Amino acid sequence: MMSSRDKILSAVKMNQPEQVALPSLDGLRGAMPATLDAYRKVLESLGGSLFEISDEKEIPALLAQHYPEMKRVIAATSGERSWIHEDPHMLEDVDMAVIRGQWAVAENGAVWVTEEEAPVRVLPFICQHLAIVISRERILATMHDAYEKIGLPLTGFGVFIAGPSKTADIEQSLVLGAHGAKSLVVFAL
Amino acid sequence: MNRQTADHATLADKFNENEPRVNWHDETLWWVRAKRDKQAWSIPEWEQLREAASQIKLNVLGNLHGYLLQFEQQARQNGAIIHWAADAAEHNEIVTAILKQHGVKRMVKSKSMLTEECHLNPHLQANGIEVIDTDLGERIVQLADEPPSHIVLPCIHKKKEEIGELFHEHLGTPAGNADPQLLTAAARAHLRKEFLASRAAITGVNFAVAETGEMVVCTNEGNADMGAHLADVHIACMGIEKIIPQRKHLGVFLRLLARSATGQPITTYSSHFRTPVPGKELHIVLVDNGRSRQLGREDFRNSLKCIRCGACMNTCPVYRRSGGHSYHTAVAGPIGAILAPNLDMKDYADLPFASTLCGSCSNVCPVKIDIHQQLYKWRQVLVKEGHTTAGKTAGMKMMSAVLSKPGTFKRAGKMGRWVMRAFPGMVNNRLNPWYKQRDMPAPPKQSFAEWYAANEEKK
């Protein structure tokens, strides 16, 4: 008897139409500027906030000022990293996680983060609040630019994060903080 | 399997019993459509993006066999375990077997319309496995023991007061409290416990990249990631049409998806799952369930381009006023009405007729599916195959007899105008569906042909 795999593949082969060429992706970038201002505007419209900094050392004070209630803060950017080897479930009580982002996209506020920057995959989701550090030199205009820069995968997991976790499932009322981080702050170096 | 109990018109009638509710439903979805417009119009290259997306998907349909093999090979190299399911039953058996093998009794699932199409939840329940839907909208309809009514906004038919009552009963929120903020916070606390306790997680798949063997899952809530990263076993279920050729094509689709769906520039999370973490398992179930058959139907194969944004529902004048449940299928609205007859012509013969053929769906579709034309073509197939009701078939035959003979048409028109003048009760009654919620027009004194002849004489 033919396996389901072979059955499906042979049916697909028999029924698929003649192949057409892939379209060119040139000319899809539009006129979106790749600037910090453009990025900030979109990020704020998603409920995120942005701080310009000149040194990562400014971050702890800014966090203490804007999030005074934080008990457990984890920084993947520096400092104590024993949590990397713990059971990921133990990150459940993390109030604030600070991670680096590789690229930021002005058209939609998204930041590309891989497991290089978040060595425990669940960290940017399970923390109550999230801070991402980006370089203003690495702000791109569109998603086309982002995939061009990212290239092919070197890591097992990567994610575009655009703003805090949210839902509008109850009568289309927007609520920030569904299952992931309740707020997102981006630090631009 | 859920078999048809009533047709679209009957179920829509039921939804229309509550007029203020229908008006609210209509306006809410139109508001989402307006948000989509605002996003689309802010992008000068929007139409080129739609065209590119449509062409990429057309390329996929023409080489699906090759791309599936490439995806399988890449995903295996990444350490994923690949399963193939010919139909819904096989899909459900595969998922159940994986869960039983790991002794899972209770687990979390993020949004997957494919598992709705396959009726996975009741199957797992019958096998002693409890599934917790974790998308807030899906959890709400699950607690209400209802199916989702919209693929992106599962509980769009529910008022917050009803949700407040459900949460009071199931999650212990204060009675009479319907504050979305409070209800969402309660769901967050309740589902966090489930995420932390679950050893297996099911997710859907938005895009699967042949080139890299990775899958992209888009959510706003973060539920797919909370489930998949905390569990030991991640099962991703996808229809075989979710394949795209290369990673760079994600740029096109991710720009279109959320803008078309809810008018956001992108979903909060666009997660790219490639390899399992060492010591954990990643299963990918590739499901056909009629898709290879639809691929062979020249007139309908373009429906497989769909990226499940729901824009065609939000804009549809029939969907907005009849509600998702009136379509009695997992994917409602215009796109559902061209997908469902492929699964079962008899059960879903009513759906292609649940449309005004206004074409708004085709105009907003981000992958440019000719939805309204396919609806029209399905009607012809369904009549030819004998799946329409005797009344409709007889009516169509009579219309065709009248319209094809000018003499008969003239006499019938005269008679009709006379009847409407002499016995208005013959047409202004409950038996005439055109009389429902509207008055019949006053019958004209003469036909156009008579008026034209009279005017020609005067010249």
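**View 1. Strand β6(A) and strand β11 (residues 183-188) of chain A run parallel and are joined by six bridges.** In this predicted model, strands pair if DSSP finds at least two bridges between them. Val186(A) in β11(A) is the bridge partner of Ile132(A). Strands are DSSP runs of E with at least two residues, helices are runs of H or I with at least four, and both are numbered from the N terminus.

**View 2. Strand β3 (residues 96-100) of chain A pairs with β6(A) in the parallel sense.** Five bridges make up this pairing. Leu130(A) in β6(A) stands opposite Ala97(A).

**View 3. Strand β6 (residues 129-134) of chain A is largely enclosed by the rest of the structure, because six of its six residues are buried.** Buried means under 20% relative accessible area, with exposed over 50% and partly exposed in between (1.4 Å probe, protein chains only). Both faces are covered: one side has His129(A), Ala131(A) and Val133(A), and the other has Leu130(A), Ile132(A) and Ile134(A).

**View 4. Helix α19 (residues 390-404) of chain B packs against helix α20 (residues 406-422) of chain B at an angle of about 110 degrees, with the axes 5 Å apart.** That angle makes α19(B) roughly perpendicular to α20(B) (65 to 115 degrees; under 35 is roughly parallel, over 145 roughly antiparallel, the rest oblique). Axes are lines fitted to C-alpha atoms, for helices over the stretch in contact, and angles run from 0 to 180 degrees between N-to-C directions. Val402(B), Leu403(B) and Ser404(B) of α19(B) meet Pro406(B), Thr408(B), Phe409(B) and Ala412(B) of α20(B) in the contact (heavy atoms within 4.5 Å).

**Notes.** Residues are numbered from 1 along each chain as its sequence is written, and chains are lettered from A and ligands numbered from 1 in the order in which they are written. Local features of this predicted model need pLDDT of at least 70, side-chain atom pairs count only at pLDDT 80 or more, totals for chains, interfaces and linings use all residues, and side-chain values use heavy atoms, with hydrogens and water left out.
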